[in-house]
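Subject: Structure handover

Hi,

Here is the structure for you to look through. My notes follow below it.

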Amino acid sequence: HQSLIDAGASSDGNWNYDKIYTHIQDAIKDADIKMIDQETVFTTDHDSVSSYPSFATPTEVGDAIVKAGFNVVESANNHIPHRHTELLENQLSRCHTSRNP
């Protein structure tokens, strides 16, 4: 939603969402499986970022998920068809890259 998008966007062009997961890091740090549901597809194009009804989330949110310590990201949901196939392919590519740097 727009409030989440606005929380990490800045006027200097750098987007960072690390702060949205700071309060949960201690709760998950000792778990072997740290799973999160990512309800929207990611986009690297900030001009394509959008909220309801056709969601596209900046990839910096995904970066924050990884930095927070999550090691399983579930993203099979009803929002996948909202965007073109290339966003889903981009998301899968980034997930693979995060897992195998």
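Start with helix H3 (residues 59-68). 7 of its 10 residues are buried, so H3 is largely enclosed by the rest of the structure. The buried ones are Thr59, Glu60, Val61, Gly62, Ala64, Ile65 and Ala68. Buried means under 20% relative accessible area, exposed over 50%, and partly exposed in between (1.4 Å probe, protein chains only). Helices (H or I, at least four residues) and strands (E, at least two) are DSSP runs, numbered from the N terminus. Glycine 69 follows H3, and its phi is positive, near 115°.

A word on the source: this is a predicted model, where local features need pLDDT of at least 70, side-chain atom pairs count only at pLDDT 80 or more, and totals for chains, interfaces and linings use all residues. Residues are numbered from 1 along each chain as its sequence is written, and side-chain values use heavy atoms, leaving out hydrogens and water.

Now the surface. Isoleucine 33 sits in the loop between helix H2 (25-28) and strand S1 (35-37). Isoleucine 33 is exposed, with a relative accessible area of 61%.

Last, the lining of the second largest pocket. By class, it has 7 nonpolar, 6 polar and 1 charged residues. Ala, Val, Leu, Ile, Met, Phe, Trp, Tyr, Cys and Pro count as nonpolar, Asp, Glu, Lys and Arg as charged, and the others, Gly among them, as polar. A pocket is an open set of points on a 1 Å grid over the protein atoms alone, where a 1.4 Å probe fits, with protein on both sides within 12 Å along at least five of seven lines; lining residues have an atom within 4 Å of a point.

Best wishes
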